[in-house]
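Student: I am new to this structure and would like to go through it step by step. Please show it first.

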Amino acid sequence: MNITDTLGRPLTDLRISVTDRCNFRCTYCMPKKIFGHNHQFLPKDDLLTFEEIERVTRSMVGLGVQKVRLTGGEPLVRREIEKLIGMLAKIPGLKDIAMTTNGTFSLEKVQALKDAGLERITVSLDALDDAVFKALNDVDFPVQNVLDWIDACDQAGVAPIKINMMVKRGVNEDDILPMARYFRGKGHILRLIEFMDVGRTNGWRLDDVVSSAEIVEKINAELPLEVVKSSYRGEVANRYRYVDGSGEIGVIASVTQPFCGDCTRARLSANGQIYTCLFAVQGHDLRALLRDGGTQDELIEAISSVWRQRADRYSEIRSSQTADLPKIEMSYIGG
Ligand code: SAM
Ligand code: SF4
Ligand code: SF4
C-alpha cells in the first residue's frame, strides 16, 4: 500500500539516524561549545535496537519506501553496524541501502560493510586543505585519512561514491575548485551543499550561504559544465556533468532553490522518533509502540497516519520568523 501526504508526495526514502554521537565536532553541525564534555547524549537504552530499526524499516517498505540511508551523528560510531545492514538487506522490496559517513574509521570496516550489503556510500569531506578541514572538523583530523577511506570504498566496489562538501562563505569556498579538480576523472560524484539552518546551535546566517548558482559558476569558469536531467522524483541534487566527459557533480540548493514539492523522505531518529522534515520541531514517537508490544499492523497504521497528515515545506517558507523555531539538531535527526 503506497501512501501520500497532504501535498500528494509519496513516502519513498527513509533516513535512519543510528546514533546522535560523533567523533567530529564540525563547527556547522556539532559546535564544541554546545557539544562539549557536559553534553548529554542519548543513553544507550533509549536507542532503538537493530531489531526495532528493522521492524520500522519493514513497515515503511510496506508503505512505499524503496531506499534507506544510514546516518547520524556518525553511523560508524554505532558498534557492529554491518549487522544492521545485513538485517535490512533481507527485507523484501527494499531496493537500496546507503550510508553517509565521515570516513574516519578503520579501512577494514569498508569490506565488512560491503559484504553485509551496503550498496552506496557518501563520504563527507569539506576541504582538501588540511588546515581548513581540521578547523572545520575541530578535532584535528587530517584530510589524507578520509581520502584513503574513499580509495578503500573504491577498491571494495562500493560504488558510486558521493563526496559531500558543505560550503560556507569565508570558510571553505576556496576549496571548491581544488575539490572539483581532485575528484573529476575518478568516477566519484562531488556534491556541494549550501550551508543550512538546521538546528539552533550552528549560528547560521543567510550571508554565510554560498549559493549553488555561485558554486556552479565558479567550477564552470574553469571546468565547463552542462546540466544533466534529474533521474527520479525526490532527487535532491541538481546534476551537472563536465563537458569533457570527466564526470559529474551535484549541487544541493536547499536554501536558494528549495525542493520541498518533491520531498519524499522520512527520518527516524536514534531513539525512535519519526520526523517528516529536516527542519521539524517535533517528532512522532514509535519507540513506545515498539516496546509496548505493538503489532506490525499497528506500527504501519501509526506511520501512515503521520505521513498522511504531513504538510512540511520549511525551505519554501524559510524567513526571519522560521529561523527562531526550536528546530532539532542535525546530528540527532539524521543528516
Ligand atoms: N557524520 C556523517 C557525515 O558527516 O557524513 C553523517 C551525518 S552528517 C549530519 C550528514 C551530512 O550533513 C554531512 O555531509 C554534513 O556535511 C552535512 N551537514 C551537517 N550540518 C549541515 C549544515 N548545517 N548545512 C549543510 N550540510 C550540513
Ligand atoms: Fe559529525 Fe557528520 Fe555532524 Fe560532522 S557533519 S559533526 S561528522 S555528524
Ligand atoms: Fe523536505 Fe523539509 Fe527539506 Fe522541504 S525543508 S525539502 S519538506 S526536509
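Student: Which residue in β8 is the bridge partner of Leu225?

Tutor: This is a predicted model, in which local features need pLDDT of at least 70 and side-chain atom pairs count only at pLDDT 80 or more, while totals for chains, interfaces and linings use all residues. Residues are numbered from 1 along each chain as its sequence is written, chains are lettered from A and ligands numbered from 1 in the order in which they are written, and side-chain values use heavy atoms, with hydrogens and water left out. Strands (E, at least two residues) and helices (H or I, at least four) are DSSP runs numbered from the N terminus. Leu225 has its bridge partner in β8, and that residue is Tyr242.

Student: How many bridges join β7 to β8?

Tutor: Strands of a sheet pair through backbone hydrogen bonds, either parallel or antiparallel. Here two strands pair if DSSP finds at least two bridges between them. β7 and β8 (residues 238-242) run antiparallel, and the number of bridges joining them is four.

Student: Is Glu54 buried or exposed?

Tutor: Glu54 forms a salt bridge (a side-chain nitrogen of Lys or Arg within 4 Å of a carboxyl oxygen of Asp or Glu) with Arg58, the closest N and O atoms being 3.1 Å apart. The two are four residues apart in helix α1, so about one helical turn separates them. Buried means under 20% relative accessible area, exposed over 50%, and partly exposed in between, with a 1.4 Å probe and protein chains only. Arg58 is partly exposed at 36%, whereas Glu54, at 15%, is buried.

Student: How many residues apart in sequence are the parts that Glu214 and Arg169 tie together?

Tutor: Glu214 forms a salt bridge with Arg169, with the closest N and O atoms 2.8 Å apart. Glu214 lies in helix α7 (residues 212-222) and Arg169 in the loop between β5 and α6 (176-183), so the pair ties together parts whose separation in sequence is 45 residues.

Student: How many residues of the shell around ligand 3 are charged?

Tutor: The residues around ligand 3, with a heavy atom within 4 Å of it, include Phe259, Cys260, Arg310 and Asp312. Ala, Val, Leu, Ile, Met, Phe, Trp, Tyr, Cys and Pro count as nonpolar, Asp, Glu, Lys and Arg as charged, and the others, Gly among them, as polar. The shell has seven nonpolar residues and one polar, and the number of charged ones is two.
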